[in-house]
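Dear colleague,

Please find below the structure that I am handing over to you, followed by a summary of what was found in it. I would be grateful if you could read the two side by side.

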Amino acid sequence: MQVQTAQPRQEQGRFVISLDFEINWGVRDQQTLTQYGANLLGVRQAIPAMLALFEEFQLRVTWATVGLLFFGNKADMLAHLPTVRPEYADTNLSPYLALEQVGEDEATDSYHFGSSLIAQIRRTPGQEMATHTFCHYYCLERGQTATSFRADLEAAVRVAQEQGMELRSLVFPRNQYNAEYLTVCQELGITSYRGNENSWIYKERSEEQQSLYKRGARLLDAYVSLSGHNCHSLQQIARQFPYNIPASRFLRPWSGQLQALESLRLRRILSGMTHAARHGQVFHLWWHPHNFGVNIPQNMAVLRRIAKHYQHLHTTYGMQSQSMGDMAAELQGHAPVTAN
Ligand SMILES: [Zn+2]
């Protein structure tokens with residue numbers, strides 16, 4: 001039997017998944033619980049289902065988690081809030097002005113606490129606990145400053161450390177990437193962040209600058225290629241520190257209304273993964289657990305197709321599953337940082 005020579009590691013494609021774990025902290029300023037509550041409650045079924053699948057397919061995943069979710073009860077949450085807080089021109093953006101909506105503990109308020117889910121994530125092999133800032137912080141909104149951003153990230157790092165976790169990877173809420181804040185990130189131990197897709201339709205913007213036209217273009221891009229595959233080489237990623245591991249594609253939730261287009265959406269993701277595997281590049285897929293909070297069987301079926309495709313690309317091209325922390329550690333020449 002002929003023994004195949006393994007490809008050099010640099011040539012192997014990488015499959016990165018990052019999840020923005022936020023429950024209501026990520027949507028509270030845009031949607032009411034009446035509108036979106038079912039999705040948020042469904043996170044408690046969706047996360048165990050995703051974790052089982054990640055374990056089955058040995059997928060290493062980055063969970064960019066809002067710091068406010070790390071608590072089991074309100075007293076503990078209030079004791080850990082930063083003293084310097086963002087003073088957004090649009091006060092609706094600040095969760096600190098809406099704390100009266102938070103219940104006493106996770107058992108009575110499923111929307112604002114995540115302690116038990118974080119414990120499940122930590123128990124699953126290959127999962128990386130990362131940060132989505134402490135308060136779902138908006139880095140491009142008017143009124144907030146680098147000082148309040150630092151206080152926010154310090155609060156996130158502190159609570160994670162108290163619970164025995166080191167945060168290394170960051171996802172900017174609403175993808176409001178702010179280059180001026182990277183120094184703060186680096187000083188607080190962050191080694192990588194998820195940059196935006198490299199196309200004008202994904203360029204970071206504050207909420208008031210988002211146009212409907214651009215939102216429409218992003219929707220269309222999920223089905224047909226407007227922006228290309230958005231894959232990147234490790235050499236490109238290694239150029240700056242903290243490393244920018246850019247998003248390739250947002251995994252849109254399954255849609256009954258757009259069912260006819262579902263196969264196009266899946267094909268677009270699978271072909272991007274294949275492109276990365278063949279060219280030794282990085283394909284970075286992301287979504288929020290609450291996107292899977294309704295239509296869970298349909299969403300999980302899509303995820304299983306993606307995982308099976310990864311398995312095929314792993315066997316055929318040696319593609320590797322890596323968390324953001326794994327990739328940053330590799331680029332820095334260290335062993336993977338995830339606990340498992
Ligand atoms: Zn978010």
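**Findings**

Asn-175 is buried, because its relative accessible area is 17% and buried means under 20%, with exposed over 50% and partly exposed in between (1.4 Å probe, protein chains only). The model is a predicted one, in which local features need pLDDT of at least 70 and side-chain atom pairs count only at pLDDT 80 or more, while totals for chains, interfaces and linings use all residues. Residues are numbered from 1 along each chain as its sequence is written, and side-chain values use heavy atoms, with hydrogens and water left out.

**Backbone and loops**

Asn-175 is placed in the loop between E4 and H5; helices (H or I, at least four residues) and strands (E, at least two) are DSSP runs, numbered from the N terminus. Although Asn-175 is not a glycine, its phi is positive, about 55°. Most residues other than glycine have a negative phi, and most peptide bonds are trans. Asn-295 also has a positive phi, near 50°. Asn-295 is located in the loop between strand E8 (282-287) and helix H9 (296-317), and counts as partly exposed at 30% relative accessibility.

The loop between E4 and H5 also holds Asn-178, which is buried with a relative accessible area of 11%. Leaving aside neighbours within four places in sequence, Asn-178 is in contact (heavy atoms within 4.5 Å) with Cys-139, Leu-140 and Phe-172.

In the loop between H7 and E6 lies Pro-242, and the peptide bond from Phe-241 to Pro-242 is cis, with omega near -10°. Ala-238 is found in the loop between helix H7 (234-237) and strand E6 (243-244). At 39% relative accessibility, Ala-238 is partly exposed. Not counting residues up to four places away in sequence, Ala-238 touches Tyr-243 and Leu-331.

**Helices**

The 17 residues of H4 should span 24 Å at 1.5 Å a residue, and the end C-alpha atoms of H4 are 24 Å apart, which agrees; the expected span is 1.5 Å times one less than the number of residues. Among the buried residues of H4 are Phe-149, Asp-152 and Leu-153. The cover over the buried residues of H4 includes E3, strand E4 (169-170) and helix H5 (182-187). After H4 comes Gly-164, with a positive phi near 85°.

Helix H1 (residues 33-56) packs against helix H3 (residues 115-123) at an angle of about 5°, with the axes 10 Å apart. Axes are lines fitted to C-alpha atoms, for helices over the stretch in contact, and angles run from 0 to 180 degrees between N-to-C directions. H1 is therefore roughly parallel to H3 (under 35 degrees; over 145 is roughly antiparallel, 65 to 115 roughly perpendicular and the rest oblique).

**Aromatic rings**

Rings of Phe, Tyr and Trp (its six-membered ring) pair if their centres lie within 6.5 Å; planes under 30 degrees apart count as stacked, over 60 as edge-to-face and the rest as tilted. By this rule the count is 15 aromatic pairs. One of them joins Tyr-137 and Phe-149, edge-to-face at 5.4 Å centre to centre with 70° between the planes. Tyr-137 and Phe-149 are both buried.

The charged end of Arg-194 sits over the ring of Trp-286, 4.1 Å from its centre; this requires NZ of Lys or CZ of Arg within 6 Å of the ring centre and within 35 degrees of the ring normal.

With kind regards
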